[in-house]
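Trainee: Could you walk me through one spot in this model, slowly, and then show me what's around it? I'd like to see how the picture builds up.

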Amino acid sequence: MTSLEATGTIAAGPDTVGAQRRILTVLVISQIFSGAGLAAGVTVGALLAQDMLGTTGLAGLPSALFAAGSALAAISVGRISQAKGRRPGLAAGYLAGAIGSAGVIAAAVLDQPVLLFLALFVYGAGTATNLQARYAGADLAAPAHRARAVSTVLVATTLGGVVGPNLAAPTGALGETLGIPYLAGPFLLAGAAYALAALVLAVWLRPDPSSSPAPRPTPTPTVRRPRPARRPTRLRRGPRAAGWSWAPWS
């Protein structure tokens with residue numbers, strides 16, 4: 001006997017599979033850029049603050065500002081993503097990180113520590129966006145492939161994180177040729193990387209992962225094995241059941 005039951009099989013058509021591949025490709029490219037921008041700024045942020053303040057007493061403040069800015073941006077990016085989609089939310093977060101990088105460069109050129117701290121706070125938005133972008137890779141993935149999608153985006157971030165610090169010295173030298181302090185040079189890379197990540201997402205992250213229908217469980221036919229037939233109970237007719245009376249033969 002056959003019947004239809006929901007067994008949890010996911011119907012992922014060719015359109016969904018192709019869209020998921022495009023989304024992962026775009027996210028990988030953007031995460032390489034953003035990973036480089038994140039690592040470049042974090043590497044020299046404390047050193048730049050120490051150089052501008054002339055003391056190590058507040059050298060840990062940049063890291064605290066990164067974390068505070070990231071926490072606030074996580075709420076903002078999450079609300080934008082929920083209301084309008086992943087694409088505008090992530091692009092806005094990376095754009096804020098690029099603006100923060102430009103603010104750090106301006107503060108270093110003008111020698112304004114207060115502006116530096118404000119810019120580092122805004123720069124933290126890139127960190128929150130970088131963390132949230134990995135979940136966009138799992139929006140259209142089938143449940144069995146969601147972990148692989150998230151890890152793919154995470155590996156791309158790691159690649160950017162390896163490249164960023166290695167470019168700190170070249171970008172520092174480039175900054176000096178442009179009249180920017182050496183320690184602020186890596187923020188040129190951070191600003192450009194965040195801006196490119198925002199551009200890639202705004203232009204090519206289509207369809208929007210959060211607004212596209214995810215694969216749904218569909219009913220599939222299953223075969224039920226028939227139950228074994230029960231043996232009929234045999235009734236024994238005894239003397240009492242038939243109304244007979246028994247007596248010994250004389």
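Trainee: Which helix does Thr157 lie in?

Mentor: Thr157 lies in helix α6, which covers residues 146–166. Helices here are DSSP runs of H or I with at least four residues, strands are E runs of at least two, and both are numbered from the N terminus. Before we go on: this is a predicted model, where local features need pLDDT of at least 70 and side-chain atom pairs pLDDT 80 or more, while totals for chains, interfaces and linings use all residues. Residues are numbered from 1 along each chain as its sequence is written, and side-chain values use heavy atoms, leaving out hydrogens and water.

Back to Thr157. Its relative accessibility is 12%, so Thr157 counts as buried (under 20% relative accessible area; exposed is over 50%, partly exposed is in between, with a 1.4 Å probe and protein chains only). What does its side chain do in there? It makes a polar contact with the side chain of Gln31, at 2.8 Å (N or O atoms within 3.5 Å, one able to donate a hydrogen and the other to accept it; sequence neighbours count only if both atoms are side-chain atoms). Leave aside residues up to four places away in sequence, and Thr157 touches Gln31, Gly35 and Asn130 (heavy atoms within 4.5 Å).

Now for the aromatic rings elsewhere in the model. A search of the whole structure turns up four aromatic pairs (Phe, Tyr or Trp rings, the six-membered one for Trp, with centres within 6.5 Å; planes under 30 degrees apart are stacked, over 60 edge-to-face, the rest tilted). One of these is Tyr94 with Tyr194, which is stacked, with centres 5.8 Å apart and 20° between the planes. Tyr94 sits in α3 (residues 86–110) and Tyr194 in α8 (residues 186–204), so this pair ties together parts that are 100 residues apart in sequence. Both tyrosines are buried. Another is Tyr123 with Phe187: edge-to-face, 5.4 Å between centres and 70° between the planes. Here Tyr123 belongs to α4 (residues 113–123) and Phe187 to α8, so the pair joins parts that are 64 residues apart in sequence. Tyr123 and Phe187 are buried too.

In general, an α-helix has 3.6 residues a turn, so residues three or four places apart point the same way.

Asp111 has a positive phi of about 55° although it isn't a glycine. You'll find Asp111 in the loop between α3 and α4, partly exposed at a relative accessible area of 47%. Then there's the peptide bond from Arg206 to Pro207, which is cis, with omega near 0°. Pro207 lies in the loop between α8 and β2 (216–223).
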